[in-house]
Amino acid sequence: MPPSIRKRQSSALHAATFLCSRSAGSAETEAAPSKPRFHLDLWLGFTVQNWILHVGRPVAMLVLPADWFPPNRPGAAEYLHILYNITTPLLLLKMLERSPRMPPLPAVQLGIVAVVMATGFHLAADSVTRRLLLTGYQLHLSVRENPVMQNLRPASLIDAIELLFYYDDTLGHLMWYIPLFLILLLFFSGCFRHRRQEERMPSAAWMLLVPNAAYYWFLVTEGQAFILFIFTFFAMTATVMHRRRRGQVPDSNGLFLLYSFLAALFLVAVWVACLWNDAVLRKKHPGLIYVPQPRAVYTLLLHQSTQT
């Protein structure tokens, strides 16, 4: 074979080899997962909404003067609650959009409908509770032990008040918090990456950790959602242990959610330990799970200071 032909064939072979290696490298680059980022907009909106529209409701109900709004019309707390009922489903849907694992559409629709119904129950019960507080109702006592209820005539109206609180404290909280914690757990299950790509939380995440953990503490104590919270935390811990065997670790969003739950659990433990020997609150919250409500502690301290 002439040298010129052999040289051209060698050049063509080198060019083909170069193109194949380049295309393979580009395919590996495209197939490689993009580096996950911390969802600052999502967590900032989640924290701001919860502190203003959720935690701010009982604060507005207890702090603002009662004569600012007519008793037969919504007050500042009710308007905050209405906004919360609108923004919460939108925020949960946005969190599901960021989750790599999207549940079936009927499950998403059912969960959002349940959250909307439960927050509606809570809105009605909170509105009545605000009016009851104006008449001397004490949150650290049960419905039938309240002096206001004992003087109520006919006595059968007490059953109606107890039914209202059942819709709020029991049925409403289950319909509200079960979808919420399931969405958080589902979002957390998608926040993992390979061990060689392990990263740390950014400074913005550390700044949001304290208010986010404090909100979970409020959610557990005021909403009486300790069982759902602790089961979700155990599920998150089991997920971390299972993924570590597969060589995966939580990314910045997963670490933020896990550390927030851990800090909230510590705050709940401190809260329970400080109120462990209170006989009045023990009677208000009987049973094995004893987690006093902040509003009940507030009315108890207010009642004790009034007697003093």
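Buried means under 20% relative accessible area, exposed over 50%, and partly exposed in between, with a 1.4 Å probe and protein chains only. The model is predicted, so that local features need pLDDT of at least 70 and side-chain atom pairs count only at pLDDT 80 or more, while totals for chains, interfaces and linings use all residues. Residues are numbered from 1 along each chain as its sequence is written, and side-chain values use heavy atoms, with hydrogens and water left out.

**Exercise 1.** Classify leucine 40 as buried, partly exposed or exposed.

*Solution.* Begin with its location, which is helix 2, residues 40-63 (helices are DSSP runs of H or I with at least four residues, numbered from the N terminus). Next take the relative accessible area of leucine 40, which is 38%; this value lies between the cut-offs of 20% and 50%, and therefore leucine 40 is partly exposed.

**Exercise 2.** Classify cysteine 191 and cysteine 274, and state how many disulfides the structure holds.

*Solution.* Cysteine 191 has 4% relative accessibility and therefore counts as buried, whereas cysteine 274, at 62%, is exposed. With a disulfide taken as a pair of cysteine sulfur atoms within 2.5 Å, the structure holds zero.

**Exercise 3.** Describe the surroundings of aspartate 168.

*Solution.* Aspartate 168 belongs to helix 6, residues 157-189, and is buried, with a relative accessible area of 2%. Setting aside neighbours within four places in sequence, its contacts (heavy atoms within 4.5 Å) are His122, Ala125, Asp126 and His173. Finally, the C-alpha atoms of aspartate 168 and glycine 223 are separated by 9.5 Å, although these residues stand 55 apart along the chain.

Methods: Helices (H or I, at least four residues) and strands (E, at least two) are DSSP runs, numbered from the N terminus.
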